[in-house]
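Q: Please take a close look at a single part of this protein. I would like one connected account of that part and what surrounds it.

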Amino acid sequence: MELIVLGAAPAYTDRAGSAASSYLLRAGDGPGRSGGAALLLDLGQGAFANLASTLEPSSLTAVLVSHLHPDHFIDLVPLRHYLKWEFDPPRRVRVLAPAGLADRLDALDGQFGFAAAALDVEGLAVGIHSFGPFDVTVRRVSHTDESYAFRVSMAVPDARRQQAAMGATSRTVGNQAGAAGPESEAAGAAGPESEAAGAAGPESEAAGPAGPESEAAGPAGLVYSGDCSRVEDLVPLIRPGDTLLSEASFGAGPVAPGAQHLTSADAARAASTGRAARLLLTHMLSGRSRTDILAAAQAAFAGPVQLLTEGDRFEI
Ligand SMILES: [Zn+2]
């Protein structure tokens, strides 16, 4: 699948031409062509134009909203207008989000039913979900009262999924590594098993039955942090070889008192502990030195690190 960065900015920035959080994942030949599908993670301010200039927005398989801060969802308003006024009858797009999104959109326009005119809004639930050819693991993270991080990968056939799930089950019974999962077996003699078990740590909730370890046999994926304040929240989502796309709102730090965010070093620690193949940093506030952000991340993660800007594309 291909990752296209539509918006890499946070709540505010002085970076001209930027747009806030929005990441498009495309599979196959793209919507409108054979076998194509597209999943959108967040749609912050200014990102709709980047979306609409990349693909026809009504062809989206679904939009996933990580949490209800405006820099992650506010351009659902232009998406709604586009779907309602550009087509007769209006087209519709499926939107999965924390509770209350439709009410907030309705309140913006002072009109009950504003969102429902073109958006099919549903709640998000922790676990593994299928959206067309994509498998998405949804996990709660510490930020707002209801915030999520996502792991997206291409779906694996049911037989492989069952096999992986069985492996994970016997593994969990066999030792107490829990969320470390069976991938540590495949990692060979480098001794990552104890690392992985440590990473699972006190977050025993991470080892839930719908945890990502059941996808051990699947392809590498993309883990998106949303907004998050704890490294421990992200690690259980990351499988060896994944790409970690993480916020680093306060750059190299420190995080302002009371703000629920990560530094670039925090994101790098998550990437390192989860044995990610690559770290993509995003969502940096104005005035943070890109050189310092990069240096702090590279001190904690040995793999490649990149600071994102709109238009960046990656093969995942
Ligand atoms: Zn936020």
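A: A nonpolar core is a set of buried Ala, Val, Leu, Ile, Met, Phe, Trp, Tyr and Cys residues joined through C-beta atoms within 7 Å. The model is predicted. Its largest nonpolar core has 83 residues. The members that touch the most others are Leu25, Leu39, Leu234, Leu244, Ala267, Leu279 and Ala297.

Start with Leu25. Leaving aside residues up to four places away in sequence, Leu25 touches Met1, Leu3, Ala38, Leu39, Phe134, Val152 and Leu222. The strands concerned are β9 (residues 147-154) and β10 (residues 222-224). They run antiparallel and are joined by 3 bridges.

Now the sheet. β9 and β10 belong to an open sheet of 7 strands. The order is β7-β8-β9-β10-β11-β12-β13, and the pairing is mixed. At the edges stand β7 (127-131) and β13 (305-307). Each has a single partner strand, so one side of each lacks a neighbour in the sheet. From one strand to the next, the twist averages 20°. Helix α10 (residues 290-298) packs on this sheet. The helix touches β12 (278-282) and β13, and its direction makes about 155° with that of β13.

Finally, the whole chain. The protein chain has 10 helices and 14 strands. Of its 316 residues, 49% are buried. Take the contacts between residues at least 6 apart in sequence: 66% of them join residues at least 24 apart.

Technical notes: Residues are numbered from 1 along each chain as its sequence is written. This is a predicted model: local features need pLDDT of at least 70, side-chain atom pairs count only at pLDDT 80 or more; totals for chains, interfaces and linings use all residues. A residue is buried if 20 or more other C-beta atoms lie within 10 Å of its own, exposed if 12 or fewer, and partly exposed in between; C-beta atoms are placed from the backbone. Two residues are in contact if their C-beta atoms, placed from the backbone, lie within 7 Å. Two strands pair if DSSP finds at least two bridges between them. Helices (H or I, at least four residues) and strands (E, at least two) are DSSP runs, numbered from the N terminus. Axes are lines fitted to C-alpha atoms, for helices over the stretch in contact, and angles run from 0 to 180 degrees between N-to-C directions.
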